[in-house]
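These are my notebook entries on a model that I went through element by element. I kept to strands, surface and charged pairs, and wrote down each criterion where I used it.

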Amino acid sequence: MGISTSTNGCLKTAPLLGMPEMWAVRCDASGNALWDRSYLPTLMDFYWAFNLEPTHDGGYLGCGGGGPNDRSAYYYGIVKFDDQGNKLWDQSFGGSALEGKPMRPFTPPPFEPERIRRTADGGFLLVGASMSPVSGTKTVPLIGDEDFWVLKLGPEPPSLRGEFTAEGQFKLCLIGPPEFEHTIQGSADLVTWKDLVTWGPTPAGKEYWTDQEKLAHRFYRAVRR
């Protein structure tokens with residue numbers, strides 16, 4: 001994981017999303033690239049990624065900061081992607097001024113870049129620097145010229161994806177925090193939902209399931225119990 005300003009070509013196959021952007025590359029045991037992806041969180045035209053935190057389901061959380069091209073704001077940004085590089089969700093946090101290490105008016109900056117760590121309750125702790133007063137998603141007042149800002153984030157929502165096995169069998173894959181119980185639900189009309197299977201807690205953070213009544217369900221979703 002790092003920062004890229006390159007268009008696709010040579011070793012990079014992912015398109016350029018921002019200037020710069022977060023670029024992740026997955027390699028095998030011999031160092032051969034399996035896939036590469038570019039990421040840009042909501043509200044951002046550029047994104048400096050500093051920290052990568054693995055998750056129990058085999059995916060990752062990328063953490064950094066960025067903002068719009070006019071530099072009118074600067075936010076913390078996190079991106080969750082799975083073991084295939086597919087982005088599952090992203091979030092941006094910040095107030096009306098500047099957050100994070102880049103674009104600081106001092107040299108060197110007094111704080112380290114943004115960092116994210118998983119907590120025992122399935123949530124996350126996001127830390128870094130802030131120059132914003134109470135505004136946006138910042139609810140605490142500015143104490144100095146630049147403060148150490150800590151955000152406690154709740155557990156991530158469960159996600160659901162379809163996968164084919166080597167034998168060509170289609171399975172649903174539920175991905176969610178291992179500390180909780182999750183249920184796959186099915187529906188024929190997006191109005192009435194039926195519980196199909198429930199797991200949890202699941203240490204691996206990932207469960208596979210095949211719907212034997214798939215003709216009765218056109219839609220699926222994952223919910224936390």
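**Entry 1**

I began with Val-150, which I found in strand β10 (strands are DSSP runs of E with at least two residues, helices are runs of H or I with at least four, and both are numbered from the N terminus). Before going on I noted that this is a predicted model, in which local features need pLDDT of at least 70 and side-chain atom pairs count only at pLDDT 80 or more, while totals for chains, interfaces and linings use all residues. Residues are numbered from 1 along each chain as its sequence is written, and side-chain values use heavy atoms, with hydrogens and water left out.

I looked up the accessibility of Val-150 and got 41% relative accessibility, so Val-150 counts as partly exposed (buried means under 20% relative accessible area, exposed over 50%, and partly exposed in between, with a 1.4 Å probe and protein chains only). Together with Leu-125 and Phe-148, Val-150 makes a nonpolar surface patch of about 260 Å². For such a patch, residues must have over 30% relative accessible area and no salt bridge; nonpolar side chains (Val, Leu, Ile, Met, Phe, Trp, Tyr) are joined within 5 Å, and like charges within 9 Å. The areas come from the Shrake-Rupley method with a 1.4 Å probe, and for residues only the protein chains shown count as cover.

Between β8 and β9 (residues 124–130) I recorded 4 bridges in the antiparallel sense, and Arg-118 has Phe-124 in β9 as its bridge partner.

Another open sheet of 3 strands has the order β14-β13-β16, again with antiparallel pairing. Its edge strands are β14 (194–199) and β16 (219–224), each of which pairs on one side only. The twist from one strand to the next averages 25°. Strand β13 (residues 182–187) runs antiparallel to β16 and is joined to β16 by 6 bridges, with Ser-187 standing opposite Phe-219 in β16.

**Entry 1: salt bridges**

How many salt bridges does the structure hold? I noted 13, where a salt bridge is a side-chain nitrogen of Lys or Arg within 4 Å of a carboxyl oxygen of Asp or Glu.

One of them is between Glu-53 and Arg-117, whose closest N and O atoms are 3.4 Å apart. Glu-53 lies in strand β4 (residues 46–54) and Arg-117 in strand β8, so this pair ties together parts that are 64 residues apart in sequence. Glu-53 is buried at a relative accessible area of 15%, whereas Arg-117 is partly exposed at 41%.

Another salt bridge joins Lys-206 and Asp-83, with the closest N and O atoms 3.0 Å apart. Lys-206 is in strand β15 (residues 206–209) and Asp-83 in the loop between β6 (75–81) and β7 (87–93), so parts 123 residues apart in sequence are tied together. Lys-206 is buried at 16% relative accessibility, and Asp-83 is buried with a relative accessible area of 17%. Both residues belong to a network of salt bridges that also links Asp-82, Arg-161 and Glu-163.

**Entry 2: Glu-156**

Is Glu-156 buried or exposed? Glu-156, in the loop between β10 and β11 (159–164), is buried, with a relative accessible area of 5%. Its side chain makes a polar contact of 2.8 Å with that of Lys-80 (a pair of N or O atoms within 3.5 Å; within protein, one must be able to donate a hydrogen and the other to accept it, and residues adjacent in sequence count only if both atoms are side-chain atoms).

Glu-156 also forms a salt bridge with Arg-118, the closest N and O atoms being 3.8 Å apart. Arg-118 lies in strand β8, so the loop residue and the strand residue tie together parts that are 38 residues apart in sequence. Arg-118 is buried, with a relative accessible area of 18%.

Methods
Pairing = 2+ DSSP bridges. Axes fitted to C-alpha atoms, helices over the stretch in contact; angles between N-to-C directions.
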